[in-house]
Amino acid sequence: MPTFADQFTAPALLFDFSPAIWLLLACVLVQLYYAAYYFLPFARRPPEPEPDEAAAQPVSVLVCAHNELENLRRLLPLLLTQEYPAGFEIVLIDDRSDDDTFLYVQQLAQYYPNVRLVTVDRTPAGLAPKKYALTLGIKTARYPHLLFTDADCIPATSHWISRMQHGFRQPADMVLGYSAYAPEEGFLNKLIRFETLLTGGQYLSFAWRGKPYMGVGRNLAYTRQVFTSTKGFASHIRSLSGDDDLLVQDAVARGARVAVVAEPAAHTLSEPSHTWKGWWRQKRRHLSAGRSYRFSDRLRLGNFIGSNLLFYGVSIPLLFSRPDWIPLAGLWVVRTAIVCFTYQRLSRRLDDPLPVALLPVLDVVYFFYYLALGMSLFLYRNLRWK
């Protein structure tokens with residue numbers, strides 16, 4: 001028969017876990033906080049209202065292209081057929097192309113007066129080519145509202161311009177949109193789309209909570225006044241990356257108001273990398289700008305990413321610790337449920353579906369891939385552009 005002392009100590013043993021288990025629990029609680037405060041409320045927010053055509057203003061759509069002839073043949077017809085009664089122009093910036101981009105756009109300009117061509121023959125030494133080209137395009141643009149996409153993107157619908165421009169009515173000086181990648185066969189495609197969904201969920205939900213820190217140049221709008229207030233890309237003109245996220249950083253530091261437009265009709269769709277090497281180079285370039293983020297943004301992102309990496313890093317050694325198997329299994333079940341539910345709701349809100357059963361696997365692979373990228377950037381900082 002158990003004594004009084006045995007009855008008193010038995011419940012305490014239930015919580016006599018190793019420090020590693022308590023550390024894993026802390027990681028799960030941090031991830032639960034991000035899901036409950038940022039991701040899920042953003043995913044549950046109501047649909048955005050229909051654009052008010054009577055209040056719409058004309059817009060300049062800017063596309064920077066370097067040897068993108070085939071992509072432009074797909075993109076430009078879709079831009080020209082956008083339904084936007086307030087009017088728009090397309091400013092195509094031919095950045096040192098040696099294919100037939102110039103001739104193609106020149107022919108279009110003869111038939112469509114709202115198509116304009118800016119040609120960049122050379123980039124001054126030491127300047128980032130795309131930022132220099134975009135600066136020339138912005139100086140040429142006629143309208144104060146500027147909308148950006150890339151040559152290898154297409155608008156998801158004929159209402160893309162209308163939806164993105166409606167974001168300025170909130171009111172706002174910058175509008176952040178979402179750009180998905182086209183679904184294809186293979187694990188790499190699903191991993192790229194998972195990374196895009198997770199990144200989109202972060203920057204859109206953080207901005208929605210009043211903590212904007214980045215946007216993507218494939219689907220981004222801002223006013224000419226914002227560009228002027230930041231002195232363009234002056235603070236990072238020599239950095240190859242950052243024509244989108246570092247500009248957002250500078251603009252927010254100067255008081256720019258940021259709106260989020262996440263309706264599927266406002267999305268753009270891009271062609272994903274088809275090789276691991278290509279995606280590796282792309283992500284290295286994107287992540288390299290992170291060291292220039294504000295400390296508060298790096299801390300917020302670091303807590304989320306670090307808690308995920310720490311969870312996986314601590315879990316592996318515990319697989320060899322038999323007394324910790326039961327609490328470890330319980331934490332894995334809880335975390336897996338949080339991951340699947342949260343990312344599935346985000347994918348539905350952003351109309352970017354992924355197989356639910358594959359989400360835990362994608363999560364594991366992505367965060368170890370992210371760790372490898374971080375180590376690569378720390379050891380080898382050289383980047384290359386087109």
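**View A. An open sheet is built from 7 strands.**
The strand order is β3-β2-β1-β4-β8-β6-β9, and the pairing is mixed. β3 (115-120) and β9 (258-260) are the edge strands, and each pairs on one side only. From one strand to the next, the twist averages 20°. The model is predicted: local features need pLDDT of at least 70, side-chain atom pairs count only at pLDDT 80 or more, and totals for chains, interfaces and linings use all residues. Residues are numbered from 1 along each chain as its sequence is written, and side-chain values use heavy atoms, with hydrogens and water left out. Helices (H or I, at least four residues) and strands (E, at least two) are DSSP runs, numbered from the N terminus. Two strands pair if DSSP finds at least two bridges between them.

Look for S60: L146 of β4 stands opposite. Axes are lines fitted to C-alpha atoms (for helices, over the stretch in contact), and angles run from 0 to 180 degrees between N-to-C directions. Contact means heavy atoms within 4.5 Å.

**View C. Helices α3 and α4 pack side by side at an angle of about 20°.**
Their axes are 10 Å apart. That makes α3 roughly parallel to α4. The crossing of these two helices is right-handed. Which residues make the contact? From α3 come L69, L72, R73, L76, P77 and L80. From α4 come T101, Y104, V105 and L108. By class, the contact has 8 nonpolar, 1 polar and 1 charged residues. Nonpolar covers Ala, Val, Leu, Ile, Met, Phe, Trp, Tyr, Cys and Pro; charged covers Asp, Glu, Lys and Arg; the others, Gly among them, are polar. Angles under 35 degrees count as roughly parallel, over 145 as roughly antiparallel, 65 to 115 as roughly perpendicular and the rest as oblique.

**View D. Helix α7 packs with helix α10 at an angle of about 15°.**
α10 spans residues 276-287, and the two axes are 11 Å apart. That makes α7 roughly parallel to α10. α7 passes α10 in a left-handed crossing. A crossing is left-handed if the near helix is turned anticlockwise from the far one by less than a right angle, and right-handed if clockwise. In α7, the contact residues are F187, L188, L191, I192 and E195. They meet W276, W279 and K283 in α10. This contact has 6 nonpolar, no polar and 2 charged residues.

**View E. Helix α7 also crosses helix α11, at roughly 140°.**
α7 holds residues 187-208 and α11 holds residues 295-318. Their axes come within 12 Å. The two helices are therefore oblique to each other. α7 passes α11 in a right-handed crossing. L198, Q202 and F206 of α7 meet R300, L301 and F304 of α11. These residues divide into 4 nonpolar, 1 polar and 1 charged.

**View F. A second sheet is open too, with 3 strands in the order β5-β10-β7.**
Its pairing is mixed. β5 (153-155) and β7 (179-181) stand at the edges with a single partner strand each, so one side of each is left without a neighbour in the sheet. The twist averages 30° from one strand to the next. β5 and β10 (residues 268-270) run antiparallel and are joined by 3 bridges. P155 has T268 of β10 as its bridge partner.

Most residues other than glycine have a negative phi, and most peptide bonds are trans. Q170 and P171 are joined by a cis peptide bond, with omega about 0°. N67 is not a glycine, yet has a positive phi of about 55°.

**View H. UniProt features can be traced on the model.**
An unreviewed UniProt entry places "domain: Glycosyltransferase 2-like" at residues 60-227. Over residues 60-227 the chain is 40% helix and 23% strand, and the end C-alpha atoms are 14 Å apart. The record also places "transmembrane region" at residues 20-40, 301-320 and 356-380. Residues 20-40 are 100% helix and 0% strand, with end C-alpha atoms 28 Å apart. Residues 301-320 are 90% helix and 0% strand, with end C-alpha atoms 31 Å apart. UniProt positions are given in the numbering used here, feature names are shortened, and annotations may be inferred rather than shown by experiment.
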